[in-house]
Amino acid sequence: MTPRAAAAAAVPRVRAGYLPGIDPADIAWQVLPFAQGGARLEVEVPVLTPAQMEALALRVREAAARHLQPMAVEQIIAVIDQAIARLLDRRDPLRRQAEALLPLVSGYDAEMVRLGLTGFFKNFRAPQLRRFVAEDFSNPLVLDGFQPAPKGGAVRAFGPGLLVHSWAGNVPALALWSFVCGLLVKAGSIGKLPSAEPLFAGWFAQLLAEVHPPLADCFAVVWWKGAGGDDAAALYAQADTVLAYGGNESLDAIRRRLPVTTRFLPHGHKLGFGVVTAAALDALDAPAVARRAAWDVMRYDQQGCYSPHVFYVQRGGAVSPRAFAGYLAGELAQLARRFPRRPLDVEESAAVAGWRQALEWRGLSAPGGAAADELIGTPEDAWSVAYGDAPKPLAPTALQRSVQVVAVDALDDVRRAIAGHGAFLQTAGVAATPEELQRLAALLGAAGVTRISAIGAMSTPEAGWHHDGRFNLLDLVRMVEIEPSAESAAEAFAPYAD
């Protein structure tokens, strides 16, 4: 064996996806290479023909009708809870595999991934799942059978026979969110793996099949390259509902491929930001708020749709907005030592450099020599904080722990800064008094914000949150009503009618 062949043979390889009823020998496999530092991994992802995709869709739909839909929601919650208990157990082989391979695939710091997985998985324990259901249904039993309607008659919620998920891979294990939602509405599910993180969804599917074998054929996990070809078209043609995550161009490409009767639920890119009022800027509170803000920036290097790009900081507190920016920079420097930023590729490095350079040029060209933007830190730092002394519109940064602090005089300045960005707004983190919070919530909600959290909780949404202002479960179902007229008419045919 040549040295090159020996080196290639030493690269570990794992197989991704989950394909019930299909012999792995009957399909093609695409190898996705991953490398971080000196560690390498090859992931094999399945490539199905259109005929195989159609057969898989039929198998999943029929299995869900036979095994998943007759289950009570509480039984489904119990199954998911058992699976999550294993994922939360760091001694479990699957959890150990996730901690070992997800940092290698994603590039994120191993300790960041470990903490992120634990915090994320806790959202899917039985009490949290019951909140998921209760948040969308005043009577969760409508998912199990017809229930009395307040206006008379009865009502029941039916999930799609086949729900197709197109997952994003910017955050490890992100597929879990919609996967669980599909289970709770009793939908047969087929998910498309993201090339950036092709491992977790298949692991979770296999885990569910081990915990409750009758569900083994009720879901599948597939892959195709980019927007896909005839294989993707074959699956989309079978779907009742498609739930997709990604950039707006990718979502628009999916929309154009769907039949007009297929329900499409897209979740595109969003811009998060924070607001710190003067009341939160005394000598004791300001450093603590900056510390929590730094955690929101650090988690997964701002790759989540809820991550902050800008913090609007009000003047008039004991600590100035510029001093707050300095606190934030210091906290990011500390976190960079504890949780190193993932290595950037050429395009990402260029984006960060370009963002910094644009800010530097604006500062140099400011009228009267006053710096419009000030950069804290150096290009060699694994973070960037820009300070602006005048209000400016909300705009994305270069991500990778690059954030802007903007000074404002009044809360209305924030409303003006985010005006016109409603389609891209989702999460706002707030540090304010109770009275200010209520006023800010009204202003931000009217502008398009759909989630208002504490700073420090921006990147950790709670169980049952209304993603992009919509419903996790209610948007997936169709409601079937038995009207009072039907009930009254049926009485005439009852055996006791005579």
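**View 1. Phe493 in the segment after helix H16.** Phe493 lies in the segment that follows helix H16 (484–491); helices (H or I, at least four residues) and strands (E, at least two) are DSSP runs, numbered from the N terminus. This is a predicted model, in which local features need pLDDT of at least 70 and side-chain atom pairs count only at pLDDT 80 or more, while totals for chains, interfaces and linings use all residues. Residues are numbered from 1 along each chain as its sequence is written, and side-chain values use heavy atoms, with hydrogens and water left out. With a relative accessible area of 72%, Phe493 is exposed; buried means under 20% relative accessible area, exposed over 50%, and partly exposed in between (1.4 Å probe, protein chains only). Phe493 and Val221 are 272 residues apart in sequence, and their C-alpha atoms are 48 Å apart in space.

View 2. The chain is divided into domain 1 (13–268 + 469–480) and domain 2 (271–464), with bounds that come from an automatic or database domain assignment. Taken over C-alpha atoms, the centres of domain 1 and domain 2 are separated by 32 Å. In domain 1, 22 residues are in contact with 19 residues of domain 2, where contact means heavy atoms within 4.5 Å. Domain 1 and domain 2 bury about 1600 Å² between them, 63% of it on carbon and sulfur atoms. Buried area is the accessible area (1.4 Å probe) that two parts lose on being put together, summed over both.

**View 3. Polar pairs and elements where domain 1 touches domain 2.** Between domain 1 and domain 2 there are zero salt bridges, a salt bridge being a side-chain nitrogen of Lys or Arg within 4 Å of a carboxyl oxygen of Asp or Glu. Three residue pairs, both residues at pLDDT 80 or more, are in polar contact between domain 1 and domain 2. A polar contact is a pair of N or O atoms within 3.5 Å; within protein, one must be able to donate a hydrogen and the other to accept it, and residues adjacent in sequence count only if both atoms are side-chain atoms. On the side of domain 1 that touches domain 2, the elements giving two or more residues are helix H5 (110–121) and helix H6 (126–136). H5 gives the most to this side of domain 1, with six residues. The residues of this side divide into nine nonpolar, 10 polar and three charged; Ala, Val, Leu, Ile, Met, Phe, Trp, Tyr, Cys and Pro count as nonpolar, Asp, Glu, Lys and Arg as charged, and the others, Gly among them, as polar.

**View 4. Lys186 and its surroundings.** Lys186 lies in the loop between helix H7 (176–184) and strand E7 (188–192). Lys186 is buried, at a relative accessible area of 5%. Its side chain makes a polar contact of 2.7 Å with the side chain of Asp144. Not counting residues up to four places away in sequence, Lys186 touches Leu68, Gln69, Met71, Ala72, Val73, Ile76, Leu143, Asp144 and Pro160.

View 5. A search of the whole structure finds 26 salt bridges. In one of them, the side chains of Arg86 and Glu210 meet at 3.1 Å, N to O. Arg86 lies in helix H3 (residues 73–88) and Glu210 in helix H8 (residues 200–211), so this pair ties together parts that are 124 residues apart in sequence. Arg86 is partly exposed at 28% relative accessibility, and Glu210 is partly exposed at 45%. Glu481 forms a salt bridge with Lys151, with the closest N and O atoms 2.9 Å apart. Because Glu481 lies in strand E18 (residues 478–482) and Lys151 in the loop between strand E4 (147–148) and strand E5 (154–158), the pair ties together parts 330 residues apart in sequence. Lys151 counts as exposed at 59% relative accessibility.

View 6. The closest N and O atoms of the salt bridge between Arg416 and Asp413 are 2.6 Å apart. Arg416 and Asp413 are three residues apart in helix H14 (residues 411–418), so about one helical turn separates them. Arg416 is partly exposed at 49% relative accessibility, whereas Asp413 is buried at 12%.

View 7. Thr262 lies in the loop between helix H10 (248–257) and strand E10 (263–267). Thr262 is buried, with 12% relative accessible area. Leaving out residues up to four places away in sequence, Thr262 touches Ala239, Asp240, Thr241 and Val242.
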